[in-house]
Amino acid sequence: MSTVVMHNLIGGEWLPAQTGVTFENRNPADQDDLVGVFPASGAADIDRAVAAAAQAYQDWRLVPAPRRAEILFRAAHLLTERKEQYAHAMTREMGKVLEETRGDVQEAIDMAYYMAGEGRRLFGQTTPSEMPNKFQMSVRAPIGVVGLITPWNFPMAIPSWKILPALVAGNTVVIKPAEDTPLSTVHFVQTLIDAGLPPGVVNIVMGDGPSAGEPLVLHPQVPVLSFTGSVATGTHVATLGAQHRKRVALELGGKNPIIVMHDADLDLVLNGVLWGAFGTTGQRCTATSRLIVQRDVLDELTTRLLAQVQALVVGNGLQPGVQVGPVINQQQLETISRYVAIGQAEGAELLIGGQQLREPPYDRGSFFAPTIFGGVRRTMQIAQEEIFGPVLCIIAVDDFDEAIAVANDVPYGLSASIYTRDVNRAFRAMRDLDTGIVYINAPTIGAEVHLPFGGTGATGNGHRESGTATFEVFTEWKSIYIDYSGTLQRAQID
Ligand code: UN1
């Protein structure tokens with residue numbers, strides 16, 4: 001397989017980092033497979049990228065939004081043509097199975113079509129004035145250079161959620177993608193360039209958080225930041241951003257439950273739990289990490305689930321038939337192993353998995369066995385903290401009220417689900433689950449791009465991605481009053 005040597009994208013040029021340092025990106029399923037060599041950038045690279053974005057903003061903000069949107073439409077077509085190629089490259093750099101990386105590219109395509117449509121909307125409001133012969137309206141104005149920091153688990157979808165609304169609204173961008181998956185961001189932005197995006201409108205600076213991310217967060221010419229990642233880093237980003245009164249949008253993860261009531265269709269539940277907990281090797285913010293089960297069906301569900309998890313095929317995501325790919329890196333393997341040890345020390349019962357897979361064919365990658373804990377109590381650390389791996393905790397409850405109480409009893413509030421055939425209970429759950437996303441008879445993953453994405457509590461700071469809600473992050477409201485009376489009319493006085 002080929003190895004690529006990549007540079008930063010600054011002002012339309014591919015440039016090496018001024019640090020002169022590079023880092024390697026290796027396939028998590030096979031450490032011998034070097035995907036590429038990328039620039040380990042620093043503050044000087046961020047300065048150049050922000051300057052290029054600020055320069056490009058002067059023209060880009062004046063391009064009519066429907067014209068900006070045409071570039072997005074073309075990019076959506078091109079991405080569709082390149083879907084297979086980019087999905088293949090993404091599995092190689094990130095590990096999730098090909099079917100899922102196709103889905104990741106598809107989510108970027110969906111977002112491109114959706115945001116292209118927004119180029120002809122970007123609605124504001126008109127409203128009557130309290131004065132005669134006076135007109136007033138609100139319009140969405142671009143803000144300037146936006147700084148984006150994106151994670152490795154959705155290497156194209158999440159950059160698309162941030163870049164595309166920022167662009168269609170008239171902003172320019174500096175993006176710092178995760179060190180584990182910079183290539184997919186390059187592919188996405190290359191597609192925008194091939195679709196006609198002018199130089200400097202999107203700039204990519206690669207590297208780690210402290211050296212490349214932090215200078216972007218602190219840069220005085222970057223008034224808006226959008227970050228997806230851990231609570232610790234997100235809180236740090238918001239704290240630094242506050243020093244310059246920046247608008248900071250955070251998306252920080254979840255501890256997402258599936259509730260199973262006694263009347264649920266258990267075949268449906270099993271399919272949903274397998275997909276929600278072990279799809280993407282559990283490495284989604286929306287992954288199902290708690291299974292809250294009414295005692296009446298606990299034994300049957302557990303027995304059937306264990307049989308199905310036993311049969312899951314773990315392996316290299318490029319190989320047909322593989323259902324669960326590797327975890328992203330060694331550090332993540334260690335985190336997952338640490339939580340398994342914590343769970344055992346807390347007295348939870350390890351029902352299946354619980355260990356790193358080291359024997360061939362797993363010895364060249366970072367693989368972890370799909371893992372389930374039974375007998376988990378709601379207060380245990382493994383029931384409260386995001387593990388971000390293939391680990392599911394089963395918590396037994398007596399009734400609906402207890403299920404909702406347990407579901408809500410975590411710091412996070414991204415996604416939650418309930419399986420029931422009782423419509424009254426389903427509606428109560430929709431009302432009472434304290435999360436940004438609720439599913440009925442479907443697992444906790446699978447959000448679509450045209451509804452708001454985000455959550456409550458430690459999941460974020462009140463912002464949403466996707467849907468039209470995303471424009472609350474990437475635009476400034478401007479209220480405009482036009483007095484055509486030819487006289488001075490004094491509001492609140494005349
Ligand atoms: C994430 O988990 O970080 O809803 C994003 C989903 C996907 C996006 C997940 N559409 O599961």
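Val4 has Gly36, in β5, as its bridge partner. This is a predicted model, in which local features need pLDDT of at least 70 and side-chain atom pairs count only at pLDDT 80 or more, while totals for chains, interfaces and linings use all residues. Residues are numbered from 1 along each chain as its sequence is written, and side-chain values use heavy atoms, with hydrogens and water left out.

Strand β5 (residues 30–39) runs parallel to β1, to which 2 bridges join it; strands here are DSSP runs of E of at least two residues, helices are runs of H or I of at least four, and both are numbered from the N terminus. Two strands pair if DSSP finds at least two bridges between them, and the resulting open sheet of 3 strands has the order β1-β5-β4, with mixed pairing. Its edge strands, β1 (4–5) and β4 (22–27), each pair on one side only. Across β1, β4 and β5 lies helix α5 (residues 182–194), which runs at about 55° to β5, the angle being taken, on a scale from 0 to 180 degrees, between N-to-C directions of axes fitted to C-alpha atoms, for helices over the stretch in contact (heavy atoms within 4.5 Å).

The aromatic rings come next. There are 5 aromatic pairs, counted when ring centres of Phe, Tyr or Trp (its six-membered ring) lie within 6.5 Å, with planes under 30 degrees apart called stacked, over 60 edge-to-face and the rest tilted. Among them, Trp152 and Phe388 are edge-to-face, at 5.5 Å centre to centre and 85° between the planes.
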